[in-house]
Amino acid sequence: MIFFKRKRRVIAKVGFLQRLAKDVAGNTAAIMAAALLPLAGFTGAALDTARLYVVKVRLQQACDAGALAGRKMMTGTALDDTSKTAARTFFSNNFRQGWFTTKAVSFEPTDTADGQVQGSASATVPSTLMSMFGAGDTTLSVTCEARKEIGDVDVMFVLDTTGSMVCNTSESSCTQTPISVSTPSGTRYYLQEKSDSKIKALRSAVMTFYDTLAAAADPNSRIRYGFVPYTSAANVGPLLPSDYLVDTATYPSRRVYADQASGSVSTSTVNKVDSATCNTYAGRSVPFPQYPATKKTVSWASTSGPNAPGVCTISTQSQIPIWRYEQVSLDVSQYKTGASVTNPTRVDGATSVWDGCVVERDTVGSSSFSQSSLPPDLDIDLPPTSDSTRWRPAWIDVVYDRPNVASDDTTSDYWPSSSSVYRSRNVGDLLDSGYYVCPKRAQRLKVMTRSDVSNYVNASDFRAIGGTYHDAGMIWGARFISPTGMFKDDTDCRANRTCGRHLILMTDGAMSPNHCIYGYQGFERLEGRVEGSTPVGTCTTASNQTGASGMPSDLTARHNARLQAICTQAKNKGITIWVVAYAQTLTQDMKDCASNSDTAIYAPTDQKLQDAFKQIAGKIAELRISK
């Protein structure tokens, strides 16, 4: 028989607290209620901290903007009222009071001992959620400093010193008296300046430029200046090594071709001589082609009696030279050194001393140029390695006009009454009318003090006369500042420094070449270097040769094409070109020469010229936040 035993459940009695402890229903709500307070504190702290961060960043940006504006408006080393107003305006435009409920916003710009601008700004930011925990307002403060400074900067001034610069800005032209001055090369001329002349304003503008840039310089800055005053030529010869110049050069000149008898004939006789002895009396008093000279011719007649074997009749007559006017090759090996040399086109012992201007090396007459195949005279970096790539010293004393292209023979030294061609260029007339001008000597780049710059532009030879050839000045300005050319050692950059190169062309007139001027491309009517064709026409005004008749009409366009070829090269080498058109139209050629539209500036008045030079200097300086 099988039996089953029943198991009995025993249920113990449990207390109330024990049951409550084991009951977890609703615990989350209680915990959340208890955590609300600290969570609110954490959230409020995060929110207010974020607000403070955003406000401080914006406050710093506004401070920087104000300091930059103040420094940019400064014209010297002191923060004037205008600069302070600009600084505060820019600050307030970038940080409005009440933004993020800010209050008590302030900004104060001040200048520093070295001419920079510091700023301090503050704003009070009320607490939001943290105010429930007793947190009060927070005041934020920032500081800033703006500096206008430069690294290493090279500035090459190419300055128009042509005749119109003696006029004032309201005149398109004026007539001023030529003033003579004695130089080692002979008498030279400049035009009397008007009391309010443009060249006086130019001198002042250059000094304004210097002062503006100097105010932005720090003790480690290196600023170098160069100058190329120009008219129809540039005075650069003495700045070149001697082997950059040829030893033999060809000029439109003249040479003695033969003798011509002049004046009355005197005769004398010698008796009792034979024919051979008679012939020894013939000859010239001095070796050909020296003058003054006399020439003796003889005739012999046999005789008998007391005068046997014969009588020698000697005819004596003065001789003058017959000149052949043509291209003549002359030795310039001593002339180019600045020594006094005998003028080979004169027979009176006259001497010449080089004034420093040069005629360009070989070229191609063309109306357009390719940067890939420039002729030697337009290649700003090409080194001089042969006579075709070297320069010729300008020599006005040996340059003569002539009626025919090939050659012309005459005994005349001056304007023949029967001809309209000026055979012998009267140097005095050419110089006082500006048809040959060698301006103030240029200067290669170097560090200059304020006195150095002032002495240069205020020197007695920084004067105005002559015609406008922008290419004559630009070619040398570009050569002197090019970082890859013959003068690259002048333009070196120091390690770990920024390096800027700026060329400033200032002119008061458009290109205006003339076939009858003897300038940096020689004497165009006879040499045709720019036209590239057989010269034609005549220089028609006898008194000063200021006219030209029958000449081609595209000479100006061809010179402008040369200008653009030069400007394009310079820009391709990282040189910033600034063009300032002073009291005249900013022509398309000038705009095309400039680096961009911002660097082509029209300055109609003296004050605008000052402003333009100040503006350029300010842009060359680097405006930045330093703190």
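Asp154 is buried, with a relative accessible area of 2%. Buried means under 20% relative accessible area, exposed over 50%, and partly exposed in between, with a 1.4 Å probe and protein chains only. This is a predicted model: local features need pLDDT of at least 70, side-chain atom pairs count only at pLDDT 80 or more, and totals for chains, interfaces and linings use all residues. Residues are numbered from 1 along each chain as its sequence is written, and side-chain values use heavy atoms, leaving out hydrogens and water.

**Salt bridges**

Asp154 forms a salt bridge with Arg224, with the closest N and O atoms 2.7 Å apart. Asp154 lies in strand 4 and Arg224 in strand 7 (residues 222-230), so the pair ties together parts 70 residues apart in sequence. Arg224 also counts as buried, at 6% relative accessibility. A salt bridge is a side-chain nitrogen of Lys or Arg within 4 Å of a carboxyl oxygen of Asp or Glu. By this rule there are 28 salt bridges. Asp154 and Arg224 belong to a salt-bridge network with Asp152, Arg222, Asp492 and Arg494.

| Pair | N to O distance |
|---|---|
| Asp154 and Arg224 | 2.7 Å |
| Arg463 and Glu193 | 3.1 Å |
| Arg444 and Asp490 | 2.9 Å |

Arg444 sits in strand 17 and Asp490 in the loop between helix 8 and strand 18, 46 residues apart. Arg444 is partly exposed at 27% relative accessible area; Asp490 is buried at 15%. Arg463 is partly exposed at 28%, whereas Glu193 is buried at 10%.

Helices (H or I, at least four residues) and strands (E, at least two) are DSSP runs, numbered from the N terminus. Two strands pair if DSSP finds at least two bridges between them. An open sheet of 6 strands has the order 17-7-4-18-21-22, with mixed pairing. Strand 17 (443-447) and strand 22 (600-603) stand at the edges with a single partner strand each, so one side of each lacks a neighbour in the sheet. Strand 18 (residues 499-507) and strand 21 (residues 576-582) run parallel, joined by 6 bridges. His502 has Thr576 of strand 21 as its bridge partner.

**A hairpin**

Strand 1 (residues 103-111) and strand 2 (residues 117-125) run antiparallel, joined by 7 bridges. Pro109 has Gly119 of strand 2 as its bridge partner. The hairpin has 5 residues between its strands, and Gly115 there takes a positive phi near 80 degrees.
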